[in-house]
Amino acid sequence: MLVGVLSDTHGRLPEDAYAELADCDFIIHAGDICDPGILLQLGELAPVCAVLGNNDYPEYGESVRTVATPRIGGVGFLVTHTPADLRAILSGRTQVLKPGDPVPRVAIHGHTHVPELLRGPDASPADVVLCPGSVARPRGGSKRQLAKIEIENGAVKEIRFVELG
């Protein structure tokens, strides 16, 4: 199973990003969508899980909230827009994860527009913390990009960044 991860489209889904996601079985958008049409476009390719960013409003309907905890291919995910919110949830400072809930294996955020992949103690208690960067407005010298996560037999097999254009 292949999961495409993008963030910070800010109202623009470039054609190369759309094309790159065409082989995905599931798509995660980590916020700052800024146009409901983008989720419709992504939904033409695969099922979509999205969260609200600081530039989004609840115009996307009940299914798009500030936090999502999908289970994809047997792997638990935690998705929110800001790294601060992600860390607060993972550390137990919020009520998002209840006592006894399984720890998400993959924690995803957007907001910074800078790609990041953390593993081990830097990602704890998750196995991985991922920011895909931005497909529309990169920062920090990064390129426009997204990420892809390959899942096999209920485990993350590979995570890779895909530069666009």
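**Ground rules.** Because the model is predicted, I took local features only where pLDDT is at least 70 and side-chain atom pairs only at pLDDT 80 or more, while totals for chains, interfaces and linings use all residues. I number residues from 1 along each chain as its sequence is written, and my side-chain values use heavy atoms, with hydrogens and water left out.

**Entry on D32.** I looked up D32 and found it in the loop between β2 (26-29) and α2 (36-43); helices (H or I, at least four residues) and strands (E, at least two) are DSSP runs, numbered from the N terminus. D32 is buried yet has no salt bridge, and the nearest side chain of opposite charge, that of R139, is 6.6 Å away. For the record, buried means under 20% relative accessible area, exposed over 50% and partly exposed in between, with a 1.4 Å probe and protein chains only. A salt bridge needs a side-chain nitrogen of Lys or Arg within 4 Å of a carboxyl oxygen of Asp or Glu, and in assigning charge I count Lys and Arg as positive and Asp and Glu as negative, leaving out His and the chain ends. The side chain of D32 does reach the backbone nitrogen of N54, at 3.1 Å. Leaving aside neighbours within four places in sequence, I list D8, T9, H10, G53, N54, N55, D56 and H81 as in contact with D32, where contact means heavy atoms within 4.5 Å.

**Entry on salt bridges.** My search of the whole structure finds 8 salt bridges. One of them joins K148 to E20, with the closest N and O atoms 2.8 Å apart. Because K148 lies in strand β10 (residues 145-152) and E20 in helix α1 (residues 15-20), this pair ties together parts that are 128 residues apart in sequence. I note that K148 is buried, at a relative accessible area of 1%, whereas E20 is partly exposed, at 27%.

K148 also forms a salt bridge with D23, again with the closest N and O atoms 2.8 Å apart. D23 lies in the loop between α1 and β2 and K148 in strand β10, so the pair ties together parts that are 125 residues apart in sequence. D23 counts as partly exposed, at 44% relative accessibility.

I then looked up R105 and D127, whose side chains meet in a salt bridge at 2.7 Å, N to O. R105 lies in the loop between α3 (83-90) and β7 (106-108) and D127 in the loop between β8 (116-119) and β9 (128-131), so here the linked parts are 22 residues apart in sequence. R105 is partly exposed at 31% relative accessibility, and so is D127, at 39%. Salt bridges that share partners join E20, D23 and K148 into one network.

**Entry on α3.** Which residues of α3 are buried? I find L86, A88, I89 and L90, and what covers them includes β4 (67-68), β6 (75-80), β7 and β9. Just after α3, G92 takes a positive phi of about 85 degrees.

**Entry on cysteines.** With a disulfide defined as a pair of cysteine sulfur atoms within 2.5 Å, my count comes to 0. The nearest cysteine sulfur to C24 is that of C49, 14 Å away, and C24 counts as buried at 5% relative accessibility. For C131 the nearest cysteine sulfur is that of C34, 15 Å away; C131 is buried as well, at 0% relative accessibility.

Technical notes. Polar contact = N/O pair within 3.5 Å; in protein donor to acceptor, adjacent residues only side chain to side chain.
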